[in-house]
Amino acid sequence: MYISVSIAPRSLRCNMVRIKNRYIAVQIVPYATKQTLHLKDHILAKCILQNVEKHYGVYGLGVVEQGFRVKYCNERTKIAVIRCVHRGQRFVSSMLPLITLIGDLRAKFRTLYIGATIIQCNKFIIKHQKQFLDRFMGQVESAKERQDLFKRVMELDMDR
Amino acid sequence: MEQTKPFYDFCVPFNKDDKQMRAILNELVELGYKTIAIDQSFDHSKKDAGKRGSEMFPAPHSIEHLRKEFADKLKILQRITILYVDANLSHAMSVSYNLRKFNLIAGQPKTDGALTHCCTTFAGDIITFDPVAGSRLLVNRKAYQVAVRRGMFFEIKYAPAIADSNNRKDMIKLAQNYSIKGKSKNIIISSGAEHEFQLRGPYDVANLAFIFGLSEDQGKNAVDRFCRQIFLRAESRRLGKTIMFVKGNGPIVFSDSSDENQSEEEDDEMDGVVTEMSKDGEDEQETDIKPANKRLKVE
């Protein structure tokens, strides 16, 4: 008897690999609370990569650097989203609490959320911002300022 | 059972400056901690050993005004850290009256002998280490396992590790030693922060546990479940054997099998707790706790 079994060659089967990323939503808390933040995403990226190299050496930097990117950085709400590859995630997340200096600003990171897709991260940030608005809307008097605040807080553009 | 909510930070050093203390507590609320312990350090070795029978330990600082201020946001416990050199303080501890006013007792051994004593016979809950003096003291495997079996917990402080890279190396060395000697069982992480800038959120702490050689689960438990276990254990030590009266205000429902399963789970949570509780109702309204032991008086 002859049974024909068709199995695709191994190389073909392994072609469909999904690149796994992790998106880390962080809040930047400056040392002095009233400080305005001038933070560009490349400064943030440079700072994090430098710290990875400081704590994990060249190996850690090699693992993390591929696919590392600051996707979103809002100066007003002080929220940033960092993308890194799945296998380098723990190198990044474990070292975020140790950072006390971003660029030339004394600040610390506060991890808000770690998600696997940017959509989930977005959802969380929107929820977080709404909570923030609930607390601060009461303190603003005029309706125009209120609208202004709403606009500032809820602006999200992820096209980087 | 007394309720506590996650997340926990069991080492917030006491600060005389009320403003600074408030700033730290506010930051803790902001970060999402619900149960904290204010730490008070006491050096036993400096006291002269001549005085016997008299009170050796200091009374807790009064923090009633802070408790009142943060009543609905934070549950504030009090903790004492005893620095000691030799083993003869166990007598002083057993007769001390002030010691029972503290919720948690931590030991900070200074010598190898004291460390072994701390692991095997010390009547406290937490074993901690001086982060500044370096890690000359490393726990050995035997003592570590005894301590784990007794339900003691080892503490790692992260604030010194953030502030200074030399301390960071020492803390990592200490923490990795736990990982080598006994798979990092019974480890909690607390802040020990003098300034609110050194505080980190609970998820950050759980992530930081990676460099201390803990797994993801252990890292999360280190700020959550293990601290609850310590709290239960400390309460049971404070109260001794207790009789509990449980009063319900609903119709009496005889528990079926599913309820029994639940109570068993609770027992698991209280692993290592020596209290004998007669019954633990779901709908308890009032619990009267009467110390049955003569020597234990709790206010």
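The model is predicted, so please read every value below as computed from it. Chain A carries an open sheet of five strands with antiparallel pairing, while chain B carries an open sheet of seven strands with parallel pairing. Eleven residues of chain A are in contact with ten residues of chain B.

**Chain A: overall make-up**

- Five helices and five strands make up the secondary structure of chain A.
- Of the 160 residues in chain A, 23% are buried.
- If you take the contacts in chain A between residues at least 6 apart in sequence, 66% of them join residues at least 24 apart.

**Chain A: the sheet and its helices**

- Across the sheet of chain A, the strand order is β2-β3-β1-β5-β4.
- The edge places belong to β2 (69–74) and β4 (101–102) of chain A; each has a single partner strand, so one side of each has no neighbour in the sheet.
- Eight bridges link strand β1 (residues 21–30) of chain A with β5(A), and the two pair in the antiparallel sense.
- One of the pairings to look for is A:A25, whose bridge partner in β5(A) is A:Y113.
- Helix α2(A) packs on this sheet and touches β2, β3 (79–85) and β4 of chain A. The direction of α2(A) makes about 150 degrees with that of β2(A).
- Helix α4 (residues 118–136) of chain A also packs on the sheet, where it touches β1, β2, β3 and β5 of chain A. Here the direction of the helix makes about 115 degrees with that of β5(A).

**Chain A: a look at A:K46**

- You can find A:K46 in helix α2 (residues 41–65) of chain A.
- A:K46 has 14 C-beta neighbours inside 10 Å, so A:K46 counts as partly exposed.
- Between A:K46 and A:R69 there are 9.9 Å from C-alpha to C-alpha, and the two are 23 residues apart in sequence.

**Where the chains meet**

- On the side of chain A that touches chain B, the elements giving two or more residues are α3 (89–95) and β5 (105–115) of chain A.
- Sorted by class, that side of chain A holds four nonpolar, four polar and three charged residues.

**Chain B: the sheet**

- The strands of the chain B sheet follow the order β1-β2-β3-β4-β5-β6-β7.
- At the edges stand β1 and β7 (187–190) of chain B; each has a single partner strand, so one side of each is left without a neighbour in the sheet.
- Even so, strand β1 (residues 8–13) of chain B is largely enclosed by the rest of the structure, because five of its six residues are buried.
- Strand β1(B) runs parallel to strand β2 (residues 35–43) of chain B, and four bridges join them.
- Among the bridge partners in β2(B), B:I36 goes with B:D9, and B:D39 goes with B:P13.
- Between β1(B) and β2(B) the chain passes through helix α1 (residues 18–31) of chain B, giving a right-handed β-α-β crossover.
- Helix α10(B) packs on the sheet, touching β1, β4 (104–109), β5 (126–127), β6 (153–157) and β7 of chain B. The direction of α10(B) makes about 100 degrees with that of β7(B).

**The nonpolar core**

- The largest nonpolar core has 96 residues, and those that touch the most other members are A:A80, A:I82, A:V92, B:L104, B:I188 and B:I230.
- Helix α10 (residues 225–239) of chain B gives the most to this core, namely six residues.
- B:L104 sits in strand β4 of chain B and is buried, with 24 other C-beta atoms within 10 Å.
- Beyond four places in sequence, the contacts of B:L104 include B:F10, B:A37, B:L77, B:D125, B:I126, B:I230 and B:A234.
- B:R79 is also in contact with B:L104; their C-alpha atoms are separated by 4.5 Å, although the two are 25 residues apart along the chain.
- B:I230, again setting aside neighbours within four places in sequence, is in contact with B:L104, B:D125, B:I126, B:F153 and B:I188.

Key:
Residues numbered from 1 in each chain as written. Chains lettered and ligands numbered in written order. Predicted model: local features only at pLDDT ≥ 70, side-chain atom pairs only at ≥ 80, totals over all residues. Contact = placed C-beta atoms within 7 Å. Nonpolar A, V, L, I, M, F, W, Y, C, P; charged D, E, K, R; others polar. Buried ≥ 20, exposed ≤ 12 C-beta atoms within 10 Å, placed from the backbone. Core = buried A, V, L, I, M, F, W, Y, C linked by C-beta atoms within 7 Å. Pairing = 2+ DSSP bridges. Right-handed = clockwise from strand over helix to strand, strands pointing away. Axes fitted to C-alpha atoms, helices over the stretch in contact; angles between N-to-C directions.
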